[in-house]
Amino acid sequence: MKSIPRLLYVLPVLGLLLGALDAQAQNFRVQCPTSTPFHPDGSNIKCQQIAGGDGYATMGDGSTTYLFGFGPLSGLPDIYNGLPGTQVNSVFNTTFGPVTGTPSSLVGMPDGNFSFKGAIGLTEDYGVDPWAAGLVYLQGATVRTTTGIYSAISDGTSGANTPTGTGTFFDGGVNWAYQGTLLDGHVDARPIMDVGVMNANQPAPLIAIDEDDELFLTLTNVGMIMRPDLFEQHTVHFHGYPNASAFYDGVPDASIAINVGGSFTYYYLAPDAGTYFWHCHIAPPEHLQMGMVGQLYVRPRQNKVPVNGSLYTALNQLETGPTMVSNPTKFADWQTYENVRKRCGGNSDILCTTPLPKTNTATRAATGNYAYNDGDGSTYYDVEYPIQIHGFDPNFHFVGMTFNPESFNDMKDKYFMLNGRSYPDTVGGHVCVSGDTLPACSGSQAVTVGGVKVAPGPMETQSTDGTNHASQPLPTVINIPANGHALLRISDLDVSEYQTLASLGIPMRVVGLNARLLRDMAGNNMAYNTNSITLAGGESIDVILDATGLTKGQKFFLYTPNLDHLSNDAENFGGLMTEVNICSSVDPQTKACTNI
């Protein structure tokens, strides 16, 4: 009789192993085309790969918390440096090079020395039969050579000439048509598991695209090692994002869910600029509380206006654009349809997201960017900071790790976080080591505490495999050049609380709400100044901090006036707070502050 309970304990583990075997049998794939009908030249195609699984994060009081979460499987160096992991297709479609080794050297990646930005595990597909001379091929047969994959467009016996090139080729007996490279989405499951397992990030890997881009986002479910009994499915739901098809919306009722050992590629066309966010939509209250949340933002096409070009004229072109081209075949043809979709019809379309402002003479600045297609430069900024508000209930997370039933009624957050960290980790968190390549380690904001040098950068947490993982890659310290402007892309995915952030000393100008420019249909600017903003879970807001008249060396705080949210569980003086530094200059890429 004792053997039956023992078998019940073993079954979940056996199931996970079987899932891993299925993965080895090629359930993992990625998709990142070199061209599409909308972008036949291959431009404006962005790709990213993420893993769904579990891991650990370090809280502000030093305790370790278990997560369900998403981790990076592409763009790893950028993720490590606090940047979006989204890559152009030419970078994403790079043959995976790092040697795995035994034991694997990929566990715990990325670190400061990991330089590969493409899709983890992407390799040439040798599952296609090689071409050979003197064989009989029927029309439609597929073969591979060293230069790519070819399909027979005629019957016959192959000749002596190996198919080559990117068009049609006659080998002396059979005509062949080039189908593409050997990189057809096939990935090696070993590096996927080495990197993806127990490598959850909080928040999830950052995604950023430009308006008119096409995004191919591959989710690979590597399973949850600490909870193999769950066999949890995962999805990606872009909250509030205007998807053309429910198939890619990530809500399992109308879409699909990805099982352990499987992959699925979501497709999105970037329609409108703004700050969005995403999360898993399987058992949302549980998976959001456990950490399966991330941020996405779309940069406006106004950023591409030539320097000194009229912003008003660029926006007005949507209203006066060319007539739609019948049977479009190239990007310029498709753009005629994009103009029709975006135009407001004299600001009479209530669904229009880009109403024309009053006529003005604003021109494209030589530096900096814009939050929206404003047509008047009102959303200009010098440096941007994605900030995601979230909260954790440590009791719920502990129960979630220990096979006990979870009580949703008793859920109560006790850690209040900005980008997965509570103060003071929001302004530091990274322990600098000898030879550390992180720019912040040699910058003015690196401090030594108790003989340990700490700087704003990726935080690491030791997992159950004994390896440190870059669990929280995004610091939240805000550096603004004197007399400059910082765009805060704030989203709230808290499950159980409203959250408020206040700024004293630096005006907060709210320019967008829930990925919509604050402007009425008559073109009037509805942006407003405030010293605090309040968000519920599922909302986003775009705020510009204006450092006009401030001098380098000044320090301010962005914090919550809710005093019970300024703590790290039982430890006071933490929670939702970060620092705002006025600098002589700020690198817009690394956010490094000079002459603080």
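Helices (H or I, at least four residues) and strands (E, at least two) are DSSP runs, numbered from the N terminus. The model is predicted, so that local features need pLDDT of at least 70 and side-chain atom pairs count only at pLDDT 80 or more, while totals for chains, interfaces and linings use all residues. Residues are numbered from 1 along each chain as its sequence is written, and side-chain values use heavy atoms, with hydrogens and water left out.

Next, show Y297, R299, E384, P588 and Q589, the closest to the pocket's centre among the 26 residues that line it. The lining comprises twelve nonpolar, seven polar and seven charged residues.

Move on to V236, F238, Y241 and W278, which have the most contacts inside the largest nonpolar core, a set of 57 residues. Such a core consists of buried Ala, Val, Leu, Ile, Met, Phe, Trp, Tyr and Cys residues joined through side-chain atoms within 4.5 Å, where buried means under 20% relative accessible area with a 1.4 Å probe, protein chains only.

Finally, select helix α6 (residues 311-320), where L311, Y312, L315, L318 and E319 are buried. These residues lie on the same side of α6 because they cover an arc of only 110° around the axis, taken from the directions from the helix axis to the C-beta atoms. At the N-terminal end, S310 caps α6, with a side-chain oxygen 3.5 Å from the backbone nitrogen of Y312.

Terms used:
Buried means under 20% relative accessible area, exposed over 50%, partly exposed in between (1.4 Å probe, protein chains only). A polar contact is a pair of N or O atoms within 3.5 Å; within protein, one must be able to donate a hydrogen and the other to accept it, and residues adjacent in sequence count only if both atoms are side-chain atoms. On a 1 Å grid over the protein atoms alone, a cavity is a set of points where a 1.4 Å probe fits but cannot get out, and a pocket is an open set with protein on both sides within 12 Å along at least five of seven lines; lining residues have an atom within 4 Å of a point. Ala, Val, Leu, Ile, Met, Phe, Trp, Tyr, Cys and Pro count as nonpolar, Asp, Glu, Lys and Arg as charged, and the others, Gly among them, as polar.
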